[in-house]
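Let's take a walk through a protein together, one piece at a time. Keep the structure open beside you as you read.

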Amino acid sequence: MKRVITVLTGVGIAMSSFSGTTAAAPANDLGSVVSVQEQQKIINVAHRGASGHAPENTMAAYQKAFEMKADYIEIDVQMSQDGELVIIHDNTVDRTTNGTGTVGEMTFEELRQLDAGSWFSEDYAGEKILTFGEVLDAFRGKIGILIELKSPELYPGVEEKVAEELIKRNLHKPNNEKVVIQSFNHKSMQKSKELLPSLPHGVIAGPSWANVTEEQLAEFATYADYFNPNMNIVTHEMVDDVHEAGMKIYPYTSRSQEQALRLFDLNVDGIVTDYTEHVYYHPVKNH
Ligand code: G3P
Ligand code: CA
């Protein structure tokens, strides 16, 4: 399949779907850019923020994603022992902070004292584990927020708490699809959809879903708007089936330009990436 790439001189242009405005963006690793007219809009999701450039799930990573003009930040929500919704990916703090311990067995005060930046680089020393509310307050209306409920089975009542925080801020209404909730735990998504019927939900699908059937997709579509699989299991057929079922597909997690290009070719709707810059420009195919 032949790519059509129109090389532009000067600064390349990328469209920001959030504001509806046109924004300048730097060229990507391809060394060339395609014209706006030839681009197919693919939603650019900054995985745990711009986590290729700053420590994941911190204010620095989210701010960087915003500055890089991603469409969404993706955030991982868990719960402290004393019931605070906190943003961290692993079930322990060991990898991404200077402490040790299990998230759900630590109080918010204990979690908050940790340094969540130094493990990545001393430049980020002092970054803190954030609350869900802090992220909503800092970024609502500025960038989309893809909220992952991480291991909700460990945190009874987490769906209700997430719903409460969103409702408190009036973010539970259809918001131009800029707040989306997703999880590997599909039962949790069914429950969340009941609590927040107007918000789009997504099912995340690990490698074991490589042979997902049309029937399974139809069942997901009764409560979900997105089927977001591991990028390694995505095929043209899967993308077509997801679209047939009336859902969108945002595979995770692209970490190279080649991986992003492969996903462009598969006609996905969005790409969850550690490197926002890989998703600025996407050549359209010559059918
Ligand atoms: O968007 C889905 C992706 O975030 C799931 O993977 O393990 O990075 O949370 P993980
Ligand atoms: Ca995640």
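## The buried side of helix 3

In this predicted model, the buried residues of helix 3 are Phe132, Gly133, Val135, Leu136 and Phe139. Around the axis they cover an arc of only 165 degrees, which puts them on the same side of helix 3. An α-helix has 3.6 residues a turn, so residues three or four places apart point the same way.

What lies over these buried residues? The cover includes helix 1, strand 5 (72-79), strand 6, strand 7 (130-131), strand 8 (144-149) and helix 4 (158-168). Just after helix 3 comes Gly141, with a positive phi of about 80 degrees.

## How helix 1 meets helix 3

Helix 1 (residues 59-67) packs with helix 3 (residues 132-139) at an angle of about 25 degrees, and their axes are 12 Å apart. Are the two helices roughly parallel or roughly antiparallel? Angles under 35 degrees count as roughly parallel, and helix 1 and helix 3 are therefore roughly parallel to each other. Their crossing is right-handed.

On the helix 1 side, the contact is made by Met59, Tyr62, Gln63 and Phe66, while helix 3 brings Glu134, Val135, Ala138 and Phe139. Sorted by class, this contact has six nonpolar residues, one polar and one charged.

## Helix 7, another one-sided helix

Now move along to helix 7 (residues 236-244), where the buried residues are Met238, Val239, Asp241 and Val242. Seen down the axis, they fall within an arc of 165 degrees, so they line one face of helix 7. Among the elements covering these residues are helix 6 (214-220) and strand 11 (226-229).

Which exposed residues sit on the face of helix 7 turned away from its buried side? They are Glu237 and Glu244. Just after helix 7, Gly246 takes a positive phi of about 85 degrees.

Start with Val203, which is found in strand 10 (residues 201-205). Is Val203 buried or exposed? Its relative accessible area is 0%, so Val203 is buried. Val203 and Phe184 are 19 residues apart along the chain, and their C-alpha atoms are separated by 6.1 Å. Leaving aside neighbours within four places in sequence, the contacts of Val203 are Ser183, His186, Phe220, Tyr223, Ala224, Tyr226, Phe227 and Asn228.

Next is Thr96, in the loop between strand 6 (85-87) and helix 2 (108-112). Thr96 is buried too, with a relative accessible area of 5%. Not counting residues up to four places away in sequence, Thr96 touches Glu56, Ile88, Asp115, Ala116 and Trp119. Finally, Ala221 is in the loop between helix 6 and strand 11. Ala221 is partly exposed, with a relative accessible area of 29%. Residues up to four places away in sequence aside, Ala221 touches Ala245 and Met247. Ala221 and Met247 are 26 residues apart in sequence, and 6.6 Å apart in space from C-alpha to C-alpha.

Most residues other than glycine have a negative phi, and most peptide bonds are trans. With that in mind, look at Arg48, a residue other than glycine whose phi is positive, near 55 degrees. Arg48 is in the loop between strand 4 (43-46) and helix 1, and at 12% relative accessibility it counts as buried. Asn267 is not a glycine either, yet has a positive phi of about 65 degrees. Asn267 is in the loop between helix 8 and strand 12 (270-273) and is partly exposed, with a relative accessible area of 28%.

Which two residues does a cis peptide bond join? They are Tyr252 and Thr253, with omega about -20 degrees. Thr253 is in the loop between helix 7 and helix 8 (257-265).

## Stepping back

Now for the whole protein. There are eight helices and 13 strands in it, and buried residues make up 54% of its 287 residues. Among contacts between residues at least 6 apart in sequence, 59% join residues at least 24 apart.

Definitions and conventions. Residues numbered from 1 in each chain as written. Chains lettered and ligands numbered in written order. Predicted model: local features only at pLDDT ≥ 70, side-chain atom pairs only at ≥ 80, totals over all residues. Heavy atoms only, no water. Helix = DSSP H or I, 4+ residues; strand = E, 2+ residues; numbered from the N terminus. Buried < 20%, exposed > 50% of the residue type's maximum accessible area, 1.4 Å probe, protein only. Contact = heavy atoms within 4.5 Å. Axes fitted to C-alpha atoms, helices over the stretch in contact; angles between N-to-C directions. Parallel < 35°, antiparallel > 145°, perpendicular 65-115°, else oblique. Left-handed = near helix turned anticlockwise from the far one by under 90°. Nonpolar A, V, L, I, M, F, W, Y, C, P; charged D, E, K, R; others polar. Arc of directions from axis to C-beta.
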